[in-house]
Amino acid sequence: MVTLRRQYAVARPVYSEDSLAEDHEKVYRLRKTILDHAREYLTCDSKRAKNAVLSLLPIIGWMRSYRVREWLLGDVVSGISTGLVAIMQGLAFSLMASLPASYGLYTAFFPMLTYFFLGTSKHISVGSFPVLSLMVGAVVTRLVPDVGPPANITGFQNLTQDQQRVLVASSMTFLVGIFQLAMGIMQVGFIVVYLSDTLVSGFTTAAAVHILVSQLKFVLGLTVPGISGPLSVIYTLAEIFVQITSTNICDLVMSILIMVLVFIVKELNDKYKAKLPVPIPIEVVMTVIACGVSYGFNFETRYDVDVVGKMVSGYESPIAPNMDILQESAVEAFPVAIVGFAVAFSVAKVYSIKHDYTIDGNQELIAFGVSNIFGASFRSFAASTALSRTALQESSGGKTQIAGLISAMMAMIVTVALGFLLEPLPTSVLGALVIVNLKGMLMQFREIPYLWRRDKPECVVWMGTCLGATLLGLDLGLAVGLGVELLTVVFRTQFPRCSVLANIPGTDLYKDRKDYMHTLEPKGVKIFRIPSPIFFANIEFFRDKLVDAVGFNPLRVLRKRNKALRKIKKLLKQEDDATERGLRDLFRQRTDGSRMDAEELDQPSDLKHLPFQMDWRAKLPGNNTVPRVDLHSLILDFSAVSFLDISALKGLKAALKEFIHVDVDVYIVSCDACILEKLHSCTFFDDEILTSMFFPTLHDAMLHVLDKHKDKSQGWVLESKL
């Protein structure tokens, strides 16, 4: 069935950039200088001061529009549900950071207090995050190892091992907050765009592998020292397999039972989430049951099961960060700051789009920076958001951060009054809960075949990041992932897919001639397209591809022609009759009878003053051969070229002149206005390269070429691919 499509017809002159400027006056805008921008940034008035306050304290904006009757009940229910999960995760993630379990409750409380006032997201649940806990734990075990003396830190005197580790974690978290606050003040929230979804997916999958390995010792009831640095996963697995015969059967059976039950209930939650008002808090239920069973049957003494043990009751006085630890952990703190912000911002962006409100990346950096600084002063470790907690807070009815504040109050109640109830909780239960919640991150391995089929460079980024972070550690792995990602960007821009375009019959459209069954190409015309910026790294690639597209090297042709001219000049001087007759047969008579001066091989062939009209396609005397050039017009499609640097500009100018010197007219079409301005400012134009070579559209240039070369382009070449 033939589809009837709307038709349009436009009658207008054929425009070049010069003629378009003559017929249509252009607006020349005044560009602001750096001083103008600085003056505008530093100017302050009442409106700007008000906007600054509202930007710094987003709570003022959403609290004024808070709908108490509609939202309060949902926030309370959501806060209680999220708070129960945050308590369990805080205990488990604290063990991942090689800290006493009770300090995970600090992370569930203090950072949320400041984010409530400073954060722009209404839905994320601020608190511990397993990847950050693992990265903090790597520094903790490096400075305070399980076996052997701690690092030579001034503030470690007269402190127990747990106190030393808490000091390391809080000091590093303070530095993380400083980094985030500084980036927020400097307005560099855009840095998160360099962490692509593919990179984050590969990184979090590697983190899930690290988390899984780190929790095996709790599930198996083994005493394995914390190992950090490159290949820590392999060394930890080796230690586990050495001790595998010492597995605590009670821990193992209890962990397997809990993982199976939690997995089944979570699947049911996902399947019936539309019918359930609130997801079943299976982690909380299993924790309560495990605490009761462990206490009733005295697992700690009867079966030698490790338990959470003494919980810190209440809150301790604030502490200052240790300067020696700040210096020791600076390298690891920066990737923690980046990862924490990137994960939180990505999750916040998803829910802001879903609920139609905006978030500010720079303000989020400030909010998390202040939250981590404030939390570190009270011994909490690095905070971000956990995907499962945020999903629970939103799905259970949370509308604003009042739900987050209530969840923080839940953690405070447990810390102050109910912490002792969690003392008999086996650590294997916490390890099992962590492992079963890794399903989502581990299932990201399924992305590999999809990425390989759809985008191989993206698959390389995923695998490079995942392997690097798994084998070298999360901090070095993130750097490896960024390096691989930037290399793919360089690869895509340095080696773009250039193409030769042809006309779609009956239209003014020009497409890659390899992509269509029927295309039209005028004789003697070549249209070349480069789909990327042209800069110092790919200008030579551009020139090579251009030579391949036209089928000859213009510089080599020019040199051959100049060599032939020298020999012809000698033949003319000898005035040999036979040679002269041969020349007259090969060259048409001209009225101008002056002589040709000697030229360098790379200079344009000077045919003036020759007594003959040169025809380079004819057979030359004296066994001279010159490559045949059937091309008379070359059109460069610059519609996808976003910028040119100085090196590329010089290379482009040289390439254009090489074609002009062999009598090929060059035209550039669809060039961006900013690039044209740069070409004018950099004295790109001269006696050979003229502004009249530039056309606003490809079809304008083609019509100009066909009109100029009527005799040479009398026919079109029709290509059919069967």
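Helix 17 has buried residues, and what covers them includes helix 5 (68-96), strand 1 (126-127), helix 15 (330-355), strand 2 (384-385) and helix 18 (402-418). Helices (H or I, at least four residues) and strands (E, at least two) are DSSP runs, numbered from the N terminus. This is a predicted model, where local features need pLDDT of at least 70, side-chain atom pairs count only at pLDDT 80 or more, and totals for chains, interfaces and linings use all residues. Residues are numbered from 1 along each chain as its sequence is written, and side-chain values use heavy atoms, with hydrogens and water left out.

Which residues of helix 17 are buried? In this helix, residues 387-395, they are Arg389, Thr390, Leu392, Gln393 and Glu394. Buried means under 20% relative accessible area, exposed means over 50%, and partly exposed lies in between (1.4 Å probe, protein chains only). After helix 17 comes Gly397, with a positive phi near 110°.

Asp356 has a positive phi near 60°. Asp356 sits in the loop between helix 15 and helix 16 (361-377). Is Asp356 buried or exposed? Asp356 counts as exposed, because its relative accessibility is 71%.

Ser670 also has a positive phi, about 55°. Its loop runs between strand 10 (665-669) and helix 28 (673-681). Ser670 has a relative accessible area of 25%, so it is partly exposed.

Last, Arg566. Arg566 belongs to helix 25, residues 554-574. With a relative accessible area of 40%, Arg566 is partly exposed.

Notes. Contact = heavy atoms within 4.5 Å.
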